[in-house]
Amino acid sequence: MPTLAAFQSSAHMVREIVELAQPADEREWVPQGEQIWFRPLMLDRTTGTVANLLRVRRGGNLGRHIHNAPVFGYVIKGSWRYLEHDWVASQGSFVYEPPGEVHTLVVDAQGEHDEMITFFIVQGGLIKVDDDGKPVGYDNSLTKIALCERWYAQCGLGIDHVQRFVR
Ligand SMILES: [Fe+2]
């Protein structure tokens with residue numbers, strides 16, 4: 001039986017990630033759309049899982065989409081809602097989105113904050129749909145990695161900067 005030390009030094013061990021979640025350098029936030037940014041924390045190539053902070057400023061609209069696996073969220077700042085539901089997720093809220101859920105995330109005008117920041121763990125893929133529910137695009141850990149590479153190359157952090165979050 002291998003010793004614990006041998007196991008821990010195995011080339012097959014996946015490296016841990018310890019990062020300041022809310023970065024001091026604004027360039028860490030990757031633009032995703034009008035008034036929308038994400039801050040990658042873990043991008044898993046094999047399971048498709050994405051752990052990230054999503055930041056949406058007032059007026060931002062993530063677009064209608066459907067998930068094929070669960071999503072978990074914790075609201076760090078501000079509030080947001082789905083056009084399809086009558087609840088509002090506010091600072092401190094936990095949100096569970098079951099697979100098959102179709103929704104459109106929006107951030108309304110706010111008093112104290114003009115933006116929301118939510119920690120999301122998104123499993124599997126996200127399928128963008130139109131008003132009739134027809135697929136018009138998709139998003140997953142690989143498209144997120146590609147977005148990060150493009151932005152980090154452009155902003156000066158370098159194309160390889162995303163590798164610290166890739167597993
Ligand atoms: Fe979603």
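Is Lys77 buried, partly exposed or exposed? In this predicted model, Lys77 is partly exposed, with a relative accessible area of 26%. Here, buried means under 20% relative accessible area, exposed means over 50%, and partly exposed lies in between (1.4 Å probe, protein chains only).

The model is predicted: local features need pLDDT of at least 70, side-chain atom pairs count only at pLDDT 80 or more, and totals for chains, interfaces and linings use all residues. Residues are numbered from 1 along each chain as its sequence is written, and side-chain values use heavy atoms, with hydrogens and water left out.

Side chains of opposite charge can pair when their charged atoms come close. A salt bridge was counted where a side-chain nitrogen of Lys or Arg is within 4 Å of a carboxyl oxygen of Asp or Glu. The count comes to 10 salt bridges.

Lys77 pairs with Glu115 in one of these, at 2.8 Å from N to O. Lys77 lies in strand E5 (residues 71-77) and Glu115 in strand E11 (residues 115-122), so the bridge ties together parts that are 38 residues apart in sequence. Strands (E, at least two residues) and helices (H or I, at least four) are DSSP runs, numbered from the N terminus. Glu115 is buried, at 7% relative accessible area.

Glu26 forms a salt bridge with Arg55, with the closest N and O atoms 2.7 Å apart. Glu26 sits in the loop between helix H1 (4-8) and strand E1 (30-33), and Arg55 in strand E3 (residues 50-57), so parts 29 residues apart in sequence are tied together. Glu26 is partly exposed at 43%. Arg55 is buried at 4%.
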